[in-house]
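Biologist: I have a model open and would like to learn how to read it. Can you take me through it, one feature at a time?

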Number of protein chains: 2
Amino acid sequence: MPISTEVIPLGTASAIPTRDRNLSATALRREGEMLLFDCGEGTQFQLLRAGLKRSRLDALFLTHFHGDHLYGLFGLLTTMALLGREDALTIVAPEGLPDILDVIPGLQAHQLPYPLRHVGLAPGFGHAVVFDAPAYYVAARPLEHRVFAAGYRFQEKVRPGKVDGEKAQALGFAENWHFEAVKNGKPVTIGGRTVQPEDIVGPDRPGVSFAYVLDTMPCTAGRRLAEGVDLLIHEATFTEDEAQRAEEVGHSTARQAATIAKQAGAQHLLLTHFSARYADLQPLVDEARAVFPNTAAAEELRTYVLTPPA
Amino acid sequence: MPISTEVIPLGTASAIPTRDRNLSATALRREGEMLLFDCGEGTQFQLLRAGLKRSRLDALFLTHFHGDHLYGLFGLLTTMALLGREDALTIVAPEGLPDILDVIPGLQAHQLPYPLRHVGLAPGFGHAVVFDAPAYYVAARPLEHRVFAAGYRFQEKVRPGKVDGEKAQALGFAENWHFEAVKNGKPVTIGGRTVQPEDIVGPDRPGVSFAYVLDTMPCTAGRRLAEGVDLLIHEATFTEDEAQRAEEVGHSTARQAATIAKQAGAQHLLLTHFSARYADLQPLVDEARAVFPNTAAAEELRTYVLTPPA
């Protein structure tokens, strides 16, 4: 069965929650593991509503320390403690998080039954792989916001091509090591005949990728995080007629988000982080589609399956 | 129109939220003012759902510093700042809250556009009026929990009795000061005839009262806060068969909550702070009613109107 990598937006509001929109958080699920990008207040409730098990959470990536991206962390850490979590949890965030947690009742390191592995990002860093798993990694770049903020890119690693089963049988492949060898790019000699990997192994299979770019003005780092991704979630706090306001407060318009998606060659764009002033999101979607047609407004609790490039 | 004082439970879960139950918080509304008791994560969402204006909040009373009673404070304070609040907000809580807020990004005192008035409760206090308004006051007493915790009592002040309108007219009352004088217990002489207040003013009208008692084991302070109240909200984390567990973790059973209500002579009891293990709350209600019939499980977002004693 092919591996499915899914992105589930949990909150699409900016700053102030509304009756319909929760605060920033997005889950990524892959083979029973879960990553979380941002953790606004109420994230643990949204995980419950999405049917996502908190115990599956491997790592959490915070973009910046505004409350609408951060204040759900405390409750989520507490709930995982009450549920008896023992596995280490990685938290990638702007530096200083341990000092914050250390004064919040219940979250001192010695009070948690599981270890926290902190990865702190400092202003001035350029590009860093902040989480490296066998099958994927997450990289970060600094964005341009009112406070120090980082965007992230989830990237599955390249997998070797598939071995052509019929050819392999015809060539006498029988042992497991025959297959392993060609997959690892080595020739195999069977019955005096040498088979080169390229004779039998298909092309490398690129992994799927996802970029999470908020909060920020449109910026080069955002574009680079999004280069060729299957899915880009980019903030679109305002419509273009509020471009000046967006710049003043370090945010993007829907049109600017679409321009980043286009320049980066992304496959799909989801807009998020909507100002509470927009009850109807269609104007944001419309102005973005004029630049980048493959755009939608992120829907909370909907599952977006990442599809690899054709 | 008579004054209506209403209590609206916003969260009835203990520790871990469920799909159906939010974390501890209860609003009290009276003549356009609002008080809030506890502020678990998601309280600002529940205020939205209840149609309660955050701008009406005058004072906030925190029982203790476990996350399920505290972590919604940060987002609520932030949202009120974003909405441009300028009025001072009183927060009554165990001492130490300013030190916590001071390290949470966005909540340093100089970052908020409105002043916070902190009232800090320290272990060892016995009984204190912690908020005094013209028409009511709120008193606190220390409870018995794993950490320092305080319970609260909202008490409307006694209002003078009503002046008998027909009698007043017959006796020649015409000026406003005639009425004010007898209401304030002073005789009035009209046309050579002296009217004593007791001749024309009905008995004093006691105000309504409400006690908020969580988290705690059953204790004397809880009983005293609840003496003769119109409504007691008492925690009932467990059923009686978990009495030993309740004692170990500093909580109450439903039966114990009912016993406090009975001993205190409360009019109505609402149970709250239910362990996530109870999908069905009827067993808790049943065991409480066996001791104190006028019991119900608190329903989130339902309005309970406080009715004065007959």
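Modeller: We'll go through the interface, then some helices, then one histidine. Keep in mind that this is a predicted model.

Biologist: Let's begin with the interface. How many residues of chain B are in contact with chain A?

Modeller: On the chain B side there are 33 residues, and they touch 33 residues of chain A. Area is the other thing to look at: the two chains bury about 2600 Å² between them, with 65% of it on carbon and sulfur atoms. In chain B, the residues that lose the most area to chain A are Glu41(B), Phe45(B) and Tyr71(B), together 26% of what that side buries.

Biologist: And what about polar contacts and salt bridges between the chains?

Modeller: The salt bridge count between chain B and chain A is 0. Polar contacts do turn up, in 10 residue pairs across the interface.

Biologist: Which helices of chain B supply at least two residues of the side that touches chain A?

Modeller: Helix H1 (43-50) and helix H3 (73-82) of chain B each do that. The largest share, 6 residues, comes from H3(B). By residue type, the side of chain B that touches chain A divides into 18 nonpolar, 11 polar and 4 charged.

Biologist: Let's stay with H3(B). How many of its residues are buried?

Modeller: H3(B) is mostly covered, with 9 of its 10 residues buried. Among them are Leu73(B), Phe74(B), Leu77(B) and Met80(B). Just after the helix, Gly84(B) has a positive phi of about 85°.

Biologist: How do I read a helix that has a buried side and an exposed one?

Modeller: Here's the general idea: an α-helix has 3.6 residues a turn, so residues three or four places apart point the same way. Now try helix H6 (residues 176-183) of chain B, where His178(B), Ala181(B) and Val182(B) are buried. Looking down the axis of H6(B), those buried residues fall within an arc of 90°, so they line one face of the helix. The face turned away from that buried side carries the exposed residues Asn176(B) and Trp177(B).

Biologist: What do the buried residues of H6(B) pack against?

Modeller: Strand E10 (188-190) and helix H7 (197-200) of chain B. After H6(B) comes Gly185(B), whose phi is positive, near 85°.

Biologist: Now the histidine. Is His69(B) buried or exposed?

Modeller: His69(B) has 0% relative accessibility, so it counts as buried. You'll find His69(B) in helix H2 (residues 67-70) of chain B.

Biologist: What does the side chain of His69(B) make a polar contact with?

Modeller: With the side chain of His273(B), at 3.2 Å. Leaving aside neighbours within four places in sequence, His69(B) is also in contact with residues including Ser24(B), Asp38(B), Cys39(B), Leu62(B), His64(B), Leu214(B) and Asp215(B).

Note on methods
Residues are numbered from 1 along each chain as its sequence is written. Chains are lettered from A and ligands numbered from 1 in the order in which they are written. This is a predicted model: local features need pLDDT of at least 70, side-chain atom pairs count only at pLDDT 80 or more; totals for chains, interfaces and linings use all residues. Side-chain values use heavy atoms; hydrogens and water are left out. Contact means heavy atoms within 4.5 Å. Buried area is the accessible area (1.4 Å probe) that two parts lose on being put together, summed over both. A salt bridge is a side-chain nitrogen of Lys or Arg within 4 Å of a carboxyl oxygen of Asp or Glu. A polar contact is a pair of N or O atoms within 3.5 Å; within protein, one must be able to donate a hydrogen and the other to accept it, and residues adjacent in sequence count only if both atoms are side-chain atoms. Helices (H or I, at least four residues) and strands (E, at least two) are DSSP runs, numbered from the N terminus. Ala, Val, Leu, Ile, Met, Phe, Trp, Tyr, Cys and Pro count as nonpolar, Asp, Glu, Lys and Arg as charged, and the others, Gly among them, as polar. Buried means under 20% relative accessible area, exposed over 50%, partly exposed in between (1.4 Å probe, protein chains only). The arc is that of the directions from the helix axis to the C-beta atoms.
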